Amino acid sequence: MVAIRTENLTKIYIRKHLFTSKKTNALESLNLEIEDRKVFGLLGLNGSGKTTLLKLLVGLLFPTGGFAYIFGQRVPHLSLLSRIGYLPEFPCFLMYLTASEILHFYGKLCGFSMKERQKRVEETLDLVDIRENRNDRLADFSKGMLERIGLAQVLLHDPELLLLDEPTSGLDPLGVKKMRQTILRLREEGKTILLSSHLVTEVERVCDRVGILHKGELKRVVEMKGLEGRLEDLFTDTVSGNV
Amino acid sequence: MKKIFAIAEYTVKENIRHRIFYTIFIFALVVIVSSVIFSMLSPEEETRVILDIGLGAIEIFAFLSAIFAAVGLVLGEIENKSVSLILVRPVRRFEYIWGRYSGILSISLFNILLMSSGLLFLLFIKGWKFDFRFLLAVAFIFLKVVIISALAILISLISTSAISSISATFFLWVLGHVTDHLKYLNHVLLEKGVKITIFLKAIYYLLPNFQYLNVKDYIGYPNPLAGTTIFWQVTYSLVYASAATWLSVLVFSRKEF
């Protein structure tokens, strides 16, 4: 079954200045299909359109052209959002709340009852190993701990589809390893994962398929199983125009 | 409705943990209490002075608290992108705006009630004879906050910095107290042959008319407040604030994050 499908999805940013405007093609006629229960990696240099695609899928950005469908429903669709978990590259929270309070708040927005929320928050805090700091304000958290809260808010409502934007960005080696293990465990549980990264080694360790984005265009999709040669070479050749 | 309530609750929580909230609140109490000192300057009208300074202080500090909450929380959340983690959940954009707005109003109401209780306590100590219009005056201060909070959210969504949002809201607050002068200005201009009546009328109706809600000026004087006037004042405030909030929803619905 197809989890995500895009049809000529296009996004052009228009930055308006006083008398002029500048257009940037962030995504150009993207046609992509991602199977469910698989990990799909979006590989690209900075500014290649990875974050734009993820934001279009969750409705934070509006497409200039084309369509996107998740589980057969056209995006944006409110009911879809309870089936999606989104981790931005730099998750930001309002720092006056504690770890437990922010998760309870997100749980309320997902429509959980108090009992269910209590259970899920406890489970999620355990899962990301932050139980001891549950009553600490987020303002007192380190970057790594904030990343874990970021992951906790993704897992809180047990989504079928996870959209992870540079999930290992800014993490220390131990954090990177834990994140990798989490992604692999989620794949085992049958989740569909779309992750973006510019780190080839991370992508090739966890992904079933990889799409190489360059300057807003999907240059190629690579099946990791049976890939001959190194992904890194394929990637550098693709973005430098040698393939 | 549950989601609006959840966002409102979260707004209140955030606001009461903000240092500026306590600063404004303590400063307000200091001003209210210091009104006793000013009242000594006019011993025959002691309670009148305390009442005027006290209600004035409640209004100004309720305004400041609302403006900082609206600009600080809404614009702050947009600037630091934390709003995106709310919008990627099944939350409609109007629920976010109305939730934030309800939270700001709840905290403002709490502020106003607390400051008013302090003022009432002071007045009773000084032997003031209760006038029910005191309650009306407090209610109308809240109605002004209902309007200015809605405008502050709208301005926060349009402007790009906290300073410009606060300045623009402050400017509207001041203008809203002098809109009646526009009628006089129009009259003077017409006498000099300058015809910009339509323009001035448009500004007059677009700007909030805070002078229309200044019930506190009636306390202690014999002129009564008609029930129908109160009805229209309340209706005006609610319609104006709703229109501004729905306009905010419209602006926010088109925003990308």
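The model is predicted. Chain A has a mean pLDDT of 90, and 99% of its residues reach 70 or more. Confidence is lowest in helix H7 (residues 231–239) of chain A, at a mean of 87. Confidence is highest in helix H1 (residues 50–58) of chain A, at 96.

Now the sheet. Six strands of chain A form an open sheet in the order E6-E7-E8-E3-E9-E10. The pairing is mixed. Strand E6 (84–87) and strand E10 (217–223) of chain A stand at the edges. Each has a single partner strand, so one side of each is left without a neighbour in the sheet. Neighbouring strands are turned by 15° against each other on average, direction ignored.

Take one pair within this sheet. Strand E3 (residues 39–44) and strand E8 (residues 192–197) of chain A pair in the parallel sense, over five bridges. Here A:Val39 stands opposite A:Ile193 in E8(A).

Two helices of chain A touch this sheet, as the table shows.

| Helix | Strands touched | Angle |
|---|---|---|
| H7(A) | E3, E9 (209–214) and E10 of chain A | about 25° with E9(A) |

The largest nonpolar core holds 134 residues. A:Leu57, A:Leu163, B:Ile58, B:Ala66 and B:Ala70 touch the most other members. What is A:Leu57 in contact with, leaving aside its neighbours within four places in sequence? Its contacts are A:Ile4, A:Ala68, A:Ile70, A:Val75 and A:Leu163.

Conventions. Residues are numbered from 1 along each chain as its sequence is written. Chains are lettered from A and ligands numbered from 1 in the order in which they are written. This is a predicted model: local features need pLDDT of at least 70, side-chain atom pairs count only at pLDDT 80 or more; totals for chains, interfaces and linings use all residues. pLDDT is the predictor's confidence in each residue, from 0 to 100. Helices (H or I, at least four residues) and strands (E, at least two) are DSSP runs, numbered from the N terminus. Two strands pair if DSSP finds at least two bridges between them. Axes are lines fitted to C-alpha atoms, for helices over the stretch in contact, and angles run from 0 to 180 degrees between N-to-C directions. Two residues are in contact if their C-beta atoms, placed from the backbone, lie within 7 Å. A nonpolar core is a set of buried Ala, Val, Leu, Ile, Met, Phe, Trp, Tyr and Cys residues joined through C-beta atoms within 7 Å. A residue is buried if 20 or more other C-beta atoms lie within 10 Å of its own, exposed if 12 or fewer, and partly exposed in between; C-beta atoms are placed from the backbone.
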